[in-house]
Amino acid sequence: MNLDSIAPSGRMDRLTMKRAGKTLPWQPDRRQLFILPTRGGIILGIALLFMLLGSLNYNNNLAIALTFFMTSCLLVSAIWTHRHLQDCRLLELQALPVHAGESLKIRLFWQPPETSYLPEIQGLNLQVARHDNHIDLLLPTHHRGWLKLPPLKLTSRYPLGLFVAWSWWRYSRKLLIWPAVEIQPPPLPRLQTVPAKSNYPFSQGDLTELQRWQAGDPMSRVAWKILARHGQWLSRHPEGENESHGPLLLREEDTGLRDREAAISRLTAWILEAERLSIPYGLELRGQPSIAPALGEAHLTCCLERLALA
Amino acid sequence: MKNPWRNHPAYSLLLALNILALLPQTFWLDPLTLLLLLLLWSWGLAWKTGYLPLPNPWSKVVLTLIVAAAVLGQQAVLLGLRGGSALLAVMLLMKSLEIRTERDFYSAMVGLFFMQLSLLFHNDSWWMGLYVLFLALGMLALLWLLTQNKARDRLPDCLRHASPILRLALQALPLTVALFLLFPRLAQPLWGLPLDSTQGKTGLSDKLSPGDLIELFLDDTPVFRASRFQPAMPPLDQLYWRAMVLWHFDGRAWKRGWLPAQARQKPAKDDTLRYLLVNEAYAGNWLVSLDWPVDGDYQAQLTLDGQWISRQQWQPAGEHQLISARTDRQESAHPLALSWGLQLPPAGNPQTRSWARQQLKKHGSPAAFLRFVLNHFNRENFYYSLTPQPLGENTVDDFLFRTRIGYCEHYASALAFTMRAAGIPARVVTGYLGGEYNPLGQYIVVRKSDAHAWTEVWLKGQGWVRVDPTAAVAPERVQTAIRDQQAVHDQGMMTVDIWLKQQLDWLAYRWNRWFLQYNYDLQRSMLHNLGQWPRHLSLWMLALLGLLPLGWWLYHWQKRDRLLQQWHQLQRQLKRVVPEAPVQQGPEALARWARLHLQGGDELARWIQHWLQLRYGPAGSPPLPPLPPIRRCDKPPSSHA
Amino acid sequence: MPGENFQRHIISEINRVVLGKSQQVEQALICLASAGHLLIEDIPGMGKTTLAKTLAKVFGLAFKRVQFTNDLLPADITGMNVFDTTTQAFRFHPGPVFSQILLADEINRAPPKTQSALLEAMEELQVTVDGQSHRLEPPFSVIATQNPLEMAGTYPLPESQMDRFMMRIPLGYPAPEAERALLERKHRDPEVQTLGSPEKLLEIQQQTREIHVSDTVLDLVQQLLRQTREPGRFVHGLSPRAGQQLLRAAQARAWWQTRDFVIPEDLQQVFPAVAGHRLIAASMEQDVQQNLEEMALALPTTA
C-alpha cells in the first residue's frame with residue numbers, strides 16, 4: 001500500500017529507530033511513538049489557514065466556526081492516530097528453526113486496537129501478511145547461527161490519514177538458524193562402532209535384526225515372541241535400517257572436506273539422514289567435546305545447535 | 001490503464017459532496033452557469049457508471065477555459081463573491097474529473113472547503129450552518145474512506161461503519177468552542193474588499209432612480225431587528241428608519257451626499273428614545289438609525305444631515321445601542337445644505353418647474369405651498385401602485401402630469417423636485433418604514449420589503465421637516481400592514497404560517513444576537529468580564545496551550561490505577577521507616593515479614609490482605625481503610641507462634 | 001469452608017513428622033487438594049516414603065506402595081482376572097492401583113508398558129483389563145518417585161507422559177537443624193494424627209475449584225505460557241493443559257493460604273514446579289529450572 005507520508009525516511013528512520021521496543025509482550029510507550037502530519041494533512045492544514053484568514057477578515061462567525069471545527073477534528077484525529085498505535089500490542093513470537101537458505105516463517109501474535117484498520121508493518125527484506133490476531137513474516141536466511149530479526153516498523157494513519165504515527169520494534173532475542181543441508185550428500189560414512197556404554201548392556205552380535213527396545217520405539221515393533229520366550233525387550237527394524245549395526249559417531253574429519261561450511265553442511269545432512277533412519281548418532285567437531293550417540297528430537301536439536309554455532 | 005478510483009466508494013462520496021455543495025448555489029447563480037456546472041458534474045457521474053472516459057489533459061485545459069469564460073461572462077463583476085464561487089465550483093468539478101492519486105482527493109477537498117466557505121459568505125443563517133456542518137461531516141467520512149482503503153465495498157456499507165467519525169466530531173466540539181471564543185479576532189479587517197459589490201445585501205443603494213426599489217418590495221429578507229425601546233416603543237407608522245440622504249439630482253437619479261460630522265449633543269433627557277438594533281451583515285458605508293439620530297455606539301461619524309457614515313464598505317452583523325430624539329430635530333442650517341438643497345439640473349422637466357413657480361406665487365408661503373402640493377397628491381387621481389408605467393425623458397413631468405401612478409420613490413422624488421423648483425430647499429431620504437412586531441422576542445423585524453423613500457423640506461423657523469408624500473397619497477400603504485397585525489392581535493387568532501414565520505424569525509434573531517455578531521469587541525469585553533485576564537490575548541492563548549498538557553495529565557491521573565498507587569504509597573512509607581524492609585517482595589511475603597518485624601504488624605498484614613482482596617478477590621469488598629501507622633519494633637520480635 | 005485453623009492444623013501436623021521440608025509439604029498438599037499427581041525426583045533415602053505415608057495418614061486415605069522394577073508387569077499394578085475355581089468364572093482381582101494414595105517408587109525402572117498402565121489410570125481414573133474397564137474411586141493421587149542420577153537400566157518417562165503429573169519437586173537434603181532433630185529421634189517415626197477423611201479431601205478438592213480467579217491473574221497465566229513459547233528458551237512451549245494445571249495449582253495454594261482468591265504470588269510459587277518437568281531446554285547451556293525460577297521472579301506481584 002502506498003505510504004503517503006513525508007516523514008519517516010532515511011534520517012528520520014535512523015533517529016527514531018534508537019527508541020525501538022525490544023521486549024515481548026510489547027506495547028509502544030509514549031517515548032517510542034512518533035507522529036507527523038502526512039502530505040494530505042499538510043495540504044488540508046494550509047487550506048484551513050487560508051480559510052481562517054478569510055473568515056477572520058470578514059468576521060463571518062459561521063465560517064470561523066467551520067474552520068475551527070475542521071481544525072479541531074484534525075487535531076483530535078492526531079490524538080486518535082497516536083492512541084491507535086499505542087493500543088497495539090505485540091504478544092508472542094513463534095518461529096520454527098529453519099536451515100540457512102530457507103525462509104524463516106515467523107508468526108507474531110498481536111492484538112491490534114481494532115480489526116477494521118490494522119496498523120501497517122514494514123521491515124527490511126520482510127514479507128508481511130497481517131491478520132486479525134497474528135502477523136506472518138517471511139524472512140529469507142543466508143547464514144547459519146544466530147539471526148537477529150530486522151527492526152519492524154509499525155505505522156498507523158487511522159482514522160483520517162492526516163497524521164502518521166510510527167514506532168519501531170526490534171526483538172532482542174536472537175533466533176537460531178540451523179546450517180544449510182547439503183543437497184546430495186554422500187551416504188553415511190562407514191559405521192563407527194562406539195564401545196558399548198552402560199545404556200547398551202547387551203551384546204548385539206546375535207541380534208542383527210533386533211535392537212534393544214528404547215523409549216520412544218513404537219509398540220508395534222516390539223518383538224513379542226522373544227519377549228515371551230526370553231523376557232527381553234527388543235524391537236524390530238525395517239529392512240533399510242538393517243545395515244546400521246550400531247550407533248554412529250559422525251566426525252568432522254570423516255566428511256573429507258577442507259571447507260568448514262561445506263563440512264558442516266554435510267554433517268547436517270548426515271545427522272538428518274541418521275535421524276530419519278533411526279540410527280543412533282553422535283557428533284564430533286574439531287576442537288569440541290563430542291556428543292554421545294543417541295536418537296530423538298532433543299538430541300537432534302542439540303546436534304543441530306552445535307553445528308549452527310560451530 | 002485502469003483507474004482504481006472509479007469503483008472506489010470514496011469517489012462516489014466525492015460526487016455526492018460536490019452536488020450537495022452546488023445545490024444551495026441555485027439561490028444566487030444564474031441558470032446558464034448552473035447548467036454548465038451540472039454538465040461538468042454529470043461527466044464525473046458518467047465516468048463512474050462507465051459511459052464516458054475522463055477527459056484527456058489537453059481537452060481538460062480547453063474545457064476549463066471555456067467553462068470558466070462562460071461562467072464568468074454571466075457574472076457582472078469578476079471578483080465578486082458570486083463570480084468567485086462560480087469559478088471555484090468549476091475548478092472543483094474539473095479536479096473531480098482528474099482523480100488519479102490520493103493527492104487529487106486532497107486537492108478536491110481543498111476546493112470543497114472553499115465552496116463551503118462561499119456558501120457561508122452568501123448566507124450565514126443557522127440552517128446554512130447546519131447544512132455546512134453536514135457537508136463537513138461528509139468530508140471527514142471521505143477522509144475516513146480514503147484511509148480505510150476498502151475499495152470493494154459499496155458506499156452505504158462503508159458509511160454505516162463510519163460511526164467513529166461522529167465520535168471524533170463530538171470530541172472535537174469542546175476544542176472548537178474554545179477556539180471560537182478565545183482565538184484572537186481581528187480588530188480591523190486586513191483588507192476591505194466587499195464580498196459582493198454588485199448587490200448590496202439590503203438592496204438600498206446610494207443612488208435612486210425610478211424603479212430601483214421595486215426589487216426590494218418583493219424581498220422578505222430581514223435587514224435588522226430592533227428591541228428594548230425606552231421609554232416605550234413608538235407606534236409602527238412612526239418608525240422611520242433613516243439610512244441615506246440623497247442630495248444630488250441629475251434629472252433622472254438622486255445621488256447620495258453627506259454633510260460634515262456634527263458634534264454629538266445631549267438632547268433633553270425626556271425627549272430621547274433608546275433602543276437596541278441588531279443588524280444582519282450588508283455591503284455599504286451607511287448605517288441605519290431611527291429618525292432623528294442623536295447618539296449611538298456605531299463606529300462611524302454622525303453627519304449634520306443625520307446620516308451615519310462608516311469607514312468600512314462592509315458592515316458585519318452586529319448589535320448596537322442607539323439613541324434618537326423623539327421630536328426635537330436640532331439641525332443647524334449649514335450653508336452647504338441650503339445650496340445643495342436647491343440644486344437642480346440646468347434643464348429638463350419644464351412643465352413642473354413653471355407649475356411650481358406659479359403655485360408658490362399663488363399660495364404665498366412655502367408652508368402653504370407644501371400643504372397645497374400634498375393636498376394635490378391626495379385630491380387628484382394619483383395612485384399608489386408597485387407596477388407603474390415607464391417614465392420618459394422628463395421623469396417628473398411625466399409622473400406628475402401623465403401617468404400619476406407610482407410608489408414612494410416616485411412621490412418623494414417628485415415632491416423634492418417640485419420644492420426645489422419653487423426655490424425651497426428639499427432632499428430625498430431613503431430607509432425603511434415600520435417593521436413587524438414579533439411578540440415572542442418582543443422586537444421589531446424590518447425586512448427589505450419595508451424599504452421606503454421620503455422627503456425632507458427646509459422651512460424657515462422649523463428647519464428640515466420630514467414630509468412623507470406617500471402617506472398623503474395612500475395612507476393605507478403605511479397602515480395596511482400595521483392594521484393586519486392589529487387584527488391578528490385583537491382577535492387573538494393567528495394562522496399557522498404566521499406563527500411559524502414568527503418562530504423562525506425569532507430563532508434567526510437569537511442566532512444573530514448570540515452567534516453571528518461575536519467579534520473583536522465582544523471577545524474583549526467577554527474576556528475582560530471574565531476577570532483579571534492577562535491583557536495580551538496571545539499570552540492568554542499560550543497559557544491555554546500550557547494548560548492542555550496539564551489536562552492530559554489530569555485525565556491520566558484520573559484513569560490511573562488507584563490501588564496500585566496505594567501499594568506504592570505503602571512501599572514508600574515502609575522504606576522511610578524501615579529501610580531494610582523487603583518492599584520488592586510480593587504482598588503476601590511482605591505481610592508475613594510485617595507480622596514478624598513490625599510493631600502492629602498484624603494490622604498492616606490485615607491491610608495488605610484487604611488490599612489483595614480488592615485487587616484480586618471477587619467484586620463487592622468494602623473500600624480500603626487508611627494505611628495503618630508503620631512503627632519499628634522497639635524490642636526484638638517475640639517468638640511467633 | 002472449614003475453619004482457617006483446619007489448614008494450619010494439617011500443615012503443622014505433617015511438618016511435625018516430616019522435618020525441614022515445609023515447602024515440599026506445601027506443594028504436596030497443593031497437589032492433593034487439586035486432585036493432581038506428584039512426581040518427586042530425588043535420590044533414595046530423602047524421606048519420600050515418609051512424606052507420602054504421612055499425607056495419606058493425615059487424611060485417612062488408603063495407601064499402597066509399589067516398588068517399580070524391571071520385570072513389573074502392567075497386571076501387577078492394575079490387577080488381573082483370575083479364574084475362580086469355585087465359581088467357575090473369571091473374577092477381577094484388583095491391583096495396588098485401587099487405593100487412594102499410590103506411591104510408585106522409582107517409576108522409571110519399569111518398562112514403558114507398565115508405566116503406561118499406571119499413567120492411564122492416573123489420567124482417566126480407570127483401568128482396563130482384558131477389555132473390561134474398572135473405575136477408580138476418587139480421591140486418587142499418585143506420588144511417583146524417580147532417581148535422577150542413576151540412569152543405567154532405566155526407562156525415562158517420555159515427555160508426553162510427564163504431562164500427567166501436576167508437579168515435579170525435588171526433596172533435597174534437610175536443613176542442619178532438621179537433620180539433627182531427625183537423628184535425635186528416639187523412635188522410628190512419631191505417629192501421625194488423622195485429621196481429615198477421604199470425604200473431606202473431596203470437599204477440599206471441590207472448594208479449590210471454586211477459588212476466585214481475577215482477569216489480571218488470568219492475564220499473568222497467559223503471559224507465563226507465552227514466555228515459555230518464545231523461541232530460544234525451550235524446545236516446545238507449555239501446552240494449554242499445562243496452563244490449566246498451573247491455574248488449578250494456584251487455586252489450591254490460595255486455599256491452603258486460607259484465601260478465597262488467587263494472587264500472583266500463588267502463581268509465582270507453583271509455576272516452577274508445575275512447568276519444570278514439561279519443558280526441555282532449547283540449548284545445552286540453559287537450565288530449565290533456573291530459567292523458570294527467573295520467569296517466576298519476574299512476574300509482577302501487584303499487577
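Let's start at B:Arg252, which sits in the loop between strand S3 (240-249) and strand S4 (254-256) of chain B. This is a predicted model, by the way. With a relative accessible area of 41%, B:Arg252 is partly exposed. What does B:Arg252 touch, once we leave aside its neighbours within four places in sequence? The contacts are B:Leu208, B:Ser209, B:Pro210, B:Leu391, B:Gly392 and B:Thr395. And then there's B:Asn394: 142 residues away from B:Arg252 in sequence, yet the two C-alphas are 7.8 Å apart in space.

While we're on chain B, a word on confidence. The chain's mean pLDDT is 81, with 88% of the residues at 70 or more. Residues 197-202 of chain B stay under 50, although the model does give them 20 contacts beyond four places in sequence. Residues 637-641 of chain B are also below 50, and that stretch has 3 contacts beyond near neighbours in sequence.

Next, the surface. There's a nonpolar patch of about 570 Å², and the residues making it are A:Ile42, A:Ile46, A:Phe50, A:Leu53, B:Leu190 and B:Trp191. Take B:Leu190 from that list: you'll find it in the loop between helix H8 (164-182) and strand S1 (207-208) of chain B. Its relative accessible area is 54%, so B:Leu190 counts as exposed, the cut-off being over 50%.

On to charges. The count over all chains is 39 salt bridges. One of them pairs B:Glu102 with A:Arg157, with 3.6 Å between the closest N and O atoms. B:Glu102 is in helix H5 (residues 102-122) of chain B, while A:Arg157 is in the loop between strand S8 (152-156) and strand S9 (163-169) of chain A, so this pair joins two chains. Are these two residues buried or exposed? B:Glu102 is buried at 10% relative accessibility, and A:Arg157 is buried at 1%.

Compare that with A:Asp254 and A:Arg251, whose side chains form a salt bridge at 3.6 Å, N to O. Here A:Asp254 is partly exposed at 28% relative accessible area, and A:Arg251 is partly exposed at 23%.

In chain C, look at C:Arg241 and C:Asp163, a salt bridge with its closest N and O atoms 3.1 Å apart. This one links distant parts of the chain: C:Arg241 is in helix H10 (residues 240-256), C:Asp163 is in the loop between helix H6 (159-162) and strand S9 (167-169), and 78 residues separate them. C:Arg241 is partly exposed at 29%, whereas C:Asp163 is buried at 15%.

There's also a network of salt bridges, linking B:Glu588, B:Arg592, C:Glu26, C:Arg253, C:Arg259 and C:Asp266.

C:Asp266 takes us to helix H11 of chain C, as it's among the buried residues there. H11 covers residues 264-275, 12 residues in total, and spans 16 Å from first C-alpha to last, close to the 16 Å expected. Of those 12 residues, 11 are buried, so the helix is largely enclosed by the rest of the structure.

Last, chain C as a whole. It has 12 helices and 9 strands, and 55% of its 303 residues count as buried. Among its contacts with a separation of 6 or more, 77% are between residues 24 or more positions apart. Its accessible surface is about 13300 Å², and carbon and sulfur atoms account for 51% of that.

Conventions: Residues numbered from 1 in each chain as written. Chains lettered and ligands numbered in written order. Predicted model: local features only at pLDDT ≥ 70, side-chain atom pairs only at ≥ 80, totals over all residues. Heavy atoms only, no water. Patch = residues over 30% accessible without salt bridge, like charges linked within 9 Å, V, L, I, M, F, W, Y side chains within 5 Å. Areas by Shrake-Rupley, 256 points an atom, 1.4 Å probe, with all protein chains shown as cover. Salt bridge = Lys/Arg side-chain N within 4 Å of Asp/Glu carboxyl O. Helix = DSSP H or I, 4+ residues; strand = E, 2+ residues; numbered from the N terminus. Buried < 20%, exposed > 50% of the residue type's maximum accessible area, 1.4 Å probe, protein only. Expected span 1.5 Å × (residues − 1). Contact = heavy atoms within 4.5 Å. pLDDT = per-residue confidence, 0-100.
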